[in-house]
Every structure is written in C-alpha cells, then in structure tokens.
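Have a look at the structure first.

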Amino acid sequence: MLVALGFVAKHGRWALVLGLLGGLVLPELAQALKPWLAELVLLLLFLTGLRVGHRDALLGLKGVRRTLAVVLSYQLALPLLALAGFWLFGLAGSPYAIAFTLMLAAPSVTGSPNISILLGHAPEPAFRLLILGTALLPLTVIPVFWFSPELGDLNAALLASGKLLLSIWAAIGLAFLTCHIALPELEGERRAALDGVMSIALAVIVIGLMSALGPAIKAIPLEVGKWLALVLVVNFGLQASAYLLLGQNMAEEEVVPFSIVAGNRNVALFFVALPVTQSPEFLIFLGCYQIPMYLTVILMRPLFGRPSTEC
C-alpha cells in the first residue's frame, strides 16, 4: 500500500487532471460528492497538518512578518484596486466584478500547501499564508464589502469566515496532536504515502466542486468559454506576477508557495453565506475556477521550476 500511494504521489499532478475530467464526465458522482465538500476539505487540511508537522509550523513563525505583508497585499490591497478599476469602467455591479472581487478578497485555498508539494516545493510557507490569511479574513473583508455593497451582506461574510476559522483550527489542532503522539517522525515511504493520499483527496474534492460545470457546458457553452478564458488569465496572471515581484524581495523557499496562493483562493468560502453567490453566473465561475487551480501543477511548472533539493 505504501508503494502504491508513493506512486500516486510521484504522479500526483495527473491525479488532479483525472479529478478535473471526472467532474466533467461524471455528473452523478459530482452531485453525490457536493454535500460532503466541507468535510472533504477539512480532511485534506488535517492531512496537510500531518505533513507539515507542529515542529515545522512553529519554526515557520519566524517568517510571520513577511507572511502578514503578503496577506494584506493579497486580501486587502488587490481587491480594493480591482474595485477601483471596476468602478472606473462602470462594471462594479456586473457578475464578473462580483466574482473576481470575492476571489481576490478570499484567503488561500486549503489545498495550496499540497499544490506546493506537487510542484516540488516546501508546503510550510503556503500553510502559514493559509492560516494567517484565514485568521485575518474577518478584518480584511470589511473594507472590501464597505466599498462594494453589491457583494452582499457583510454580516453573512463575517459569519462564514468565523466558521471557517474555527473549523480550520480544529482540523489543524487535531493533526498536530496526532503528529505529536503517533507520528513524531514522518520520513521516507510514509511521507510519500501521505503525499499520495493528499493527491487523491484533492482529486476527489475537485469532482464535487465542478458539479455545476458539466451541465452548463451543454446548455450555454459560449458563456462557459468566456468565464473559463477570464479565470485562466486572472489565475495564472496573478501567479506569474507574484512570482516575478516576490522573487526580488522574498526568501527563495517562500516565492513559489506565495505565488501559488496569489491566484488560488478559497472563493468557495463565500458560497455558503452570500445570496449573490447562488446566481448561475457565479456557479459557472466557481466550476471554471477549479480548472486553472488544478492545472497549476502542470502549466506553472516551467516557470516555478523545482528547488535544488526535494522538499
């Protein structure tokens, strides 16, 4: 079993591609998984906590100032700049403005440390960004919603972010406790096997997240094509821009994980709380958004490259 899971870890990026395809061609499975997405995401976060370990997480606190600066840039400065641009062009109330502003205001997607691993980089910087970004979301989201009432009810967004924060801390706390008691050292085959399990979990999650996309492709393919083109440009554009900018100011081991988070955000957080996210346009956006997220491990590899030593 360890060998099999290690094989999955070695080829984990293709497992994600299979998950994307499964979300498109297996609509019944996607609908069946959809009610369990929250639990699956927390399971993935628990596994990530095991992979990072409490010792490395504590060591990572030394970089908290840099992480804080990135969180404020990503979750506060970027959405406010985007809002200013949308207002300038008279698009503030459009479905595109709502979707992309919410995306920029969101914290890191919970799978960002796993994506970093699949690209051959350490997960700890992305893990720090996930934890601190989620913790600060109830504060960073206030100015964004204040300047854009089209986004919906601020109280609902704060409630959703609070629930997410508690859930994340519970999953991480349990993972660190398990790591301390049962897995004080995670090396070799066991570490590779855990990476394989996380790759499988990511592939299963994306099937559920794409439950609305398959039917939309059949019904309104041109509209889906517009959304897909936009999310590809925005997601990969943000990652590439962050890589070029952060490479001049950040430690080498942080640049790629931080760049991954620039384009890959937990926009699904708002899906459970804001009525505006129940629109057909937002559901299409959410499905399309999974495609660049899960193709990051393949399409961004030429830019991000690999470190000199394996993580």
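Is L24 buried, partly exposed or exposed? L24 counts as partly exposed, at 32% relative accessibility (buried is under 20% relative accessible area, exposed over 50%, partly exposed in between, with a 1.4 Å probe and protein chains only).

## Ground rules

This is a predicted model, where local features need pLDDT of at least 70 and side-chain atom pairs count only at pLDDT 80 or more, while totals for chains, interfaces and linings use all residues. Residues are numbered from 1 along each chain as its sequence is written, and side-chain values use heavy atoms, leaving out hydrogens and water.

## A greasy stretch of surface

L24 sits in helix 2 (helices are DSSP runs of H or I, at least four residues, numbered from the N terminus). Together with L18, L21, V25, L26, L29 and I217, L24 forms a nonpolar patch on the surface, with about 600 Å² of accessible area. Patch members have over 30% relative accessible area and no salt bridge, and nonpolar side chains are joined within 5 Å. Helix 2 (residues 12-25) gives the most, with four residues.

## E254 and its two arginines

R66, R128 and E254 are linked in a network of salt bridges (a side-chain nitrogen of Lys or Arg within 4 Å of a carboxyl oxygen of Asp or Glu). E254 meets R66 at 2.8 Å, N to O. E254 lies in helix 14 and R66 in helix 6, so this pair ties together parts 188 residues apart in sequence.

R128 and E254 have their closest N and O atoms 2.6 Å apart. That pair links helix 9 with helix 14, 126 residues apart. E254 is buried, at 2%, and R128 counts as buried too, at 15%, whereas R66 is partly exposed, at 34%.

How values were computed: Patch = residues over 30% accessible without salt bridge, like charges linked within 9 Å, V, L, I, M, F, W, Y side chains within 5 Å. Areas by Shrake-Rupley, 256 points an atom, 1.4 Å probe, with all protein chains shown as cover. Helix = DSSP H or I, 4+ residues; strand = E, 2+ residues; numbered from the N terminus.
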